Amino acid sequence: MKNFLFFAMLVLLTVSCKNDEPLTEVFLPKIFGDHMVLQREQPIRIWGEGIPGKKVLVKFNGQEKETKIDKVGKWLVELDPLPAGGPYELEVNGKKFYDLQVGEVWLAGGQSNMEWVLSAGVEGLSQEIADSDYPLIRFFKIPHDYDAKHKFDVRGGEWKTADANNILKFSAIAWFFAKQNHLEKGIPIGIIESNWGGTPAEGWLAAEKLTELPAYQEKAKDVISRADYWKQEVIDNKLRELKRNELVAAPENGEIQGVANLAYNDSAWSTVKLPQDNPFQDIAWFRKKFTVNQTENVKLNLGDIQQMAYVYLNGMRLFYKDWGDQVNEMIIPAGMLKKGENLMAIRIINTWDNSPVLGKEKQFYLKTEGKTISLEGDWKYSNRVEEAIPIVESHHYQPGFMYNAMLAPILNYPIKGVIWYQGESNADQHEHYQELFSALITQWRQAWGIGDFPFLFVQLANWQERKEVQPESNWAFLREAQTNTLALPNTGMAVTIDVGNAEDIHPRNKKDVGHRLWLAAKKVAYGEELLFSGPKLKNADFDTDKVRLEFEYCGEGLKLRSGDAVLGFILAGEDGVFYPAKGKLIAPNQVEVSHTSVKSPLEIRYAWADNPEVNLYNSGDLPAIPFRVRK
């Protein structure tokens, strides 16, 4: 009996010791942090790395689950879904995270128009700052990164709650989208920003998937077959990038030589004419002497600077222009000027393509109360003041490289859906875009493993010189490819053919874009019945001398924003020559189009140009979707 009791106590002690196994430190990806938002009504996944074989204990809102770290050091715990709510606390092996919310998580992807931050001259900024205190709206910005292999974690980032300071660096479109979502649904909203200006869609799609697309097979197979080469080249390129960034952010390398001072001897420098001689190379320094007779209320306009610049007056730094900042007319502080001769020095770097640009015709001047002093003409120039910047290749454009570094690390993090604004960098290969973009959406959904989540995207806005007839517009073809992608389930499109800027690929009206994405979300993601789209062509009836068009999504009827004729149509007959045609409203959902030079119409196109003039809307003030159709 004594032996039995002793044995029983020994077993209990052994089990107790096993259950009380000390918890070791574990590593969690950066997406986990204070203030994070978790997707409601989806299993909550917590994962990380640690010592193989050790225990991981996760505690969250009364749930307590554990697992063992696998033999390669990875672990994942799946918690039960929750409705919207919070704040909650998460504990993983003693490490605690505070102020967690459960709500809706959206990923904001694409290129610069999605990345464009509120502080970069967005319309209505002052109103947004005044109405920015929404602690249940949180953003997580994934820094730019790329790699030849799937990464376990993103490069950096932290969850930021919405307030007057933080929103300045939020994606403007994502902010307007999130704000409407939060105000209407009354739940926490989390935005994960994974975007990068100027990037093509193929960089955001797994290379393995791209091998299925003929137009991208060669590059994708190269990335896969030469994996070791690309891994090393990425490392080498990033080292060059670090060196470049170090040089870019060190204006003191030129300042200590006195380059910005009036007395500096620039006789060995070249003389260039601005803005005619643009662009330049490397770290470009410019100097120009000018004379003023007053120091009060002197205004400066430099017209254009690409991309970043440090501007000096008489040795003092006047301002720094970042890549997304606008160049506006500004008043020079009187204390920086002196009556008589002054010296302006400018240091410019363009990390985009190493082609710095300074000045713009008729927008390059100083202005006093009674006189305008043109800054056009001769400037002293040198790009040898500082070390030449290293050549950094755009390897993030390679098939799958941004996907590997900026998406693969967060695929375990459930989301509600995606908002996407991209296509500008694929316009010259528009014939492949529908297949490419459809593959991207499909592959993302497969990789996340949470079903066909809503994928909402922005059709390219109007841009560049307005041409009345432009049947070969790359942007029009790209827009058509985007429209055709709506064939995929649970997709929606925001048409922005009316909010662009002829002179700027980055239109500053981001509120309408966010609003139109939100209308699409209400339909696609939340199943609401509403007018979520602009008028869409339903049927085209070609008559002997005209075309009758029938539209759907008209609401209470079609309307014109201006004038009494429908603008934006081009019409062609048997000879294939297009003519600018005007239409007229003949019914709440119908338009009739004709042109005297087209007796037997065979093809009609609407809003088919880089920057078409349009005025056709529905009762919800949403613009008609561009289209083309043949008899």
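**Ground rules.** I am working from a predicted model, where local features need pLDDT of at least 70, side-chain atom pairs count only at pLDDT 80 or more, and totals for chains, interfaces and linings use all residues. Residues are numbered from 1 along each chain as its sequence is written, and side-chain values use heavy atoms, with hydrogens and water left out.

**Aromatic pairs.** I searched the whole structure and got 37 aromatic pairs. Rings of Phe, Tyr and Trp (its six-membered ring) pair if their centres lie within 6.5 Å; planes under 30 degrees apart are stacked, over 60 edge-to-face, and the rest tilted. I looked up Phe170 and Trp175, which make a tilted pair at 6.3 Å centre to centre with 45 degrees between the planes. Both Phe170 and Trp175 are buried (under 20% relative accessible area; exposed is over 50%, partly exposed in between; 1.4 Å probe, protein chains only).

I then turned to Trp285 and Tyr312, a stacked pair with 5.7 Å between centres and 25 degrees between planes. This pair links distant parts of the chain, 27 residues apart: Trp285 is in strand β12 (284-292) and Tyr312 in strand β15 (308-313). Helices (H or I, at least four residues) and strands (E, at least two) are DSSP runs, numbered from the N terminus. Trp285 counts as buried because its relative accessibility is 0%, and Tyr312 is buried too, with a relative accessible area of 1%.

I also noted one aromatic cluster formed by Trp420, Tyr433, Phe437, Trp444, Trp448, Phe453, Phe455 and Phe457.

**Charges over rings.** My cut-off here is NZ of Lys or CZ of Arg within 6 Å of the ring centre and within 35 degrees of the ring normal. The charged end of Arg226 sits over the ring of Tyr229, 4.3 Å from its centre. For Arg561 over Tyr617, I wrote down 4.0 Å.

**Gln398.** Where does Gln398 lie? I found Gln398 in the loop between β22 (377-382) and α9 (401-406). Gln398 counts as buried because its relative accessibility is 17%. Leaving out residues up to four places away in sequence, Gln398 touches Glu202, Gly203, Val223 and Trp230 (contact means heavy atoms within 4.5 Å).

**Helix α11.** How many of the eleven residues of α11 are buried? I got eight, so helix α11 (474-484) is mostly covered. Among the buried ones are Trp475, Phe477 and Arg479. The buried residues of α11 pack against α10 (433-448), β24 (455-458), β25 (491-494) and β34 (627-630).
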